[in-house]
Amino acid sequence: MKPECRDLEVLRSLAAAGALDGDEAARLAAHLAGCPACRAAEQADRALLDLVKLPPPGPAEALATADLPARALAALRARGRRRHALLRFGTAGGVALAVAAAVLLLLAPVLFRDRAPEPPAVAQAGWQEPDVDALWTESAVLELSDDAASTGDTWGDDALAAYDAWAGE
Amino acid sequence: MADEGDGKRPLLRVVPGGSEGSARREEEALLAAFLVGDDEAFGALVRRHEKLVLSLVRRYARTPEDARDLAQRTFLRAFEAARRALRRGVLEEGAVPFRRWLIRIAVNLGKNHLRDALRFTHTSLESVPEERLGTEPPGAAAALEHAQRAARVRAAVLALPRRQREVLTLRVDAELPFAEVAAALSITENAARVSFHHALQKLKALVGEDSL
């Protein structure tokens, strides 16, 4: 292939598609007039593009597509109805959620007031200061055992009274 | 349809991509009317562009009903895109490249449809029974042979690389000028012309020049 032929390849393809005019068409025509190889190639390109083309619509296709505008309009309206239904549903759901959230917000202090500040019992005991007086009282029981019988104060008092009565006081 | 004086009409301008003058203003008015809720304007716009859209999707359709459904989906998506663009305020200087959107959506839907169709079947979309050749009268046999060659070429078109296939079909099926092909695909006109040339070369390689 000559360099000039290669330079004109794109124009040849465009000419085969009927998409060339003006100076470019004139330039290609001048070349084709003197180049049988390029003329043949352009004819082959045209034949190929004829095969690429689809056959014109037949009666069945014309019939099937005749109501396209009406069908498309019906589909558009159906879609619009669905969108509105979804919007209504979405709005109602949103309102319900907002109301529920507001109610929860109002009730939260009432519902959680008694429970929230209450600390665990064990933790409280762990932090409490020891009651020294209570400890002293408890330990005094051991000291009382010197004055009275170790089994109890009542028994000691009764024995002392019996002794006094016998001694003649 | 929206009245220019009713105050409802949005500030929109349609870029029809080729047609000028009154046709352009008419289309602009129709789309604006549709966008403010006039469904009848939708029907009028579909009638205006149905030939273009059908010419693009029928290559990918297995049946006439397929073509009709693809065209319908194309319109619905394009109108939805226009509506959203208006709502979000993303229109450039108020322009709606409606025709360009239609072309892009039609090509994409067609391609997806074909992919889905091929996923479920391995039979050729346009296969002609080989055994029928030779059993018909001479004229019919020649016609059948031609139909078979055409089917081979059209199958090869669908096997082209995406950009080449898009450029080729926009030019051949919709007969769009290369400037509009380029605009629809967001490429330069020169790139569209070169892609068309490459598509033709690739097709020849796929079908074999001797079979033409």
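## Two loops with positive phi

B:Ser186 sits in the loop between H7 and H8 of chain B. The model is predicted. B:Ser186 is not a glycine, yet its phi is positive, about 55°. B:Ser186 counts as exposed because it has 9 C-beta neighbours inside 10 Å, and the cut-off for exposed is 12 or fewer.

B:Glu175 lies in the loop between H6 and helix H7 (178–185) of chain B. Its phi is also positive, about 55°, and it is not a glycine either. B:Glu175 has 14 C-beta neighbours inside 10 Å, so it counts as partly exposed.

## Contact between the chains

Chain B puts 37 residues into the contact, and chain A puts in 28 residues. On the chain B side, five elements each supply at least two residues: helix H2 (39–57), helix H3 (64–88), helix H5 (138–158), helix H6 (162–172) and helix H8 (189–207). H3(B) gives the most, with 9 residues.

What classes of residue make up the side of chain B that touches chain A? There are 20 nonpolar, 14 charged and 3 polar residues.

## Nonpolar core

The largest nonpolar core holds 70 residues. B:Phe34, B:Val57, B:Ala106, B:Val181 and B:Leu203 touch the most other members. H2(B) brings the largest share of this core, 8 residues. In soluble globular proteins, nonpolar side chains tend to be buried together.

Which residues does B:Phe34 touch, leaving aside those up to four places away in sequence? They are B:Ala41, B:Phe42, B:Leu45 and B:Phe79.

How values were computed: Residues are numbered from 1 along each chain as its sequence is written. Chains are lettered from A and ligands numbered from 1 in the order in which they are written. This is a predicted model: local features need pLDDT of at least 70, side-chain atom pairs count only at pLDDT 80 or more; totals for chains, interfaces and linings use all residues. Two residues are in contact if their C-beta atoms, placed from the backbone, lie within 7 Å. Helices (H or I, at least four residues) and strands (E, at least two) are DSSP runs, numbered from the N terminus. Ala, Val, Leu, Ile, Met, Phe, Trp, Tyr, Cys and Pro count as nonpolar, Asp, Glu, Lys and Arg as charged, and the others, Gly among them, as polar. A nonpolar core is a set of buried Ala, Val, Leu, Ile, Met, Phe, Trp, Tyr and Cys residues joined through C-beta atoms within 7 Å. A residue is buried if 20 or more other C-beta atoms lie within 10 Å of its own, exposed if 12 or fewer, and partly exposed in between; C-beta atoms are placed from the backbone.
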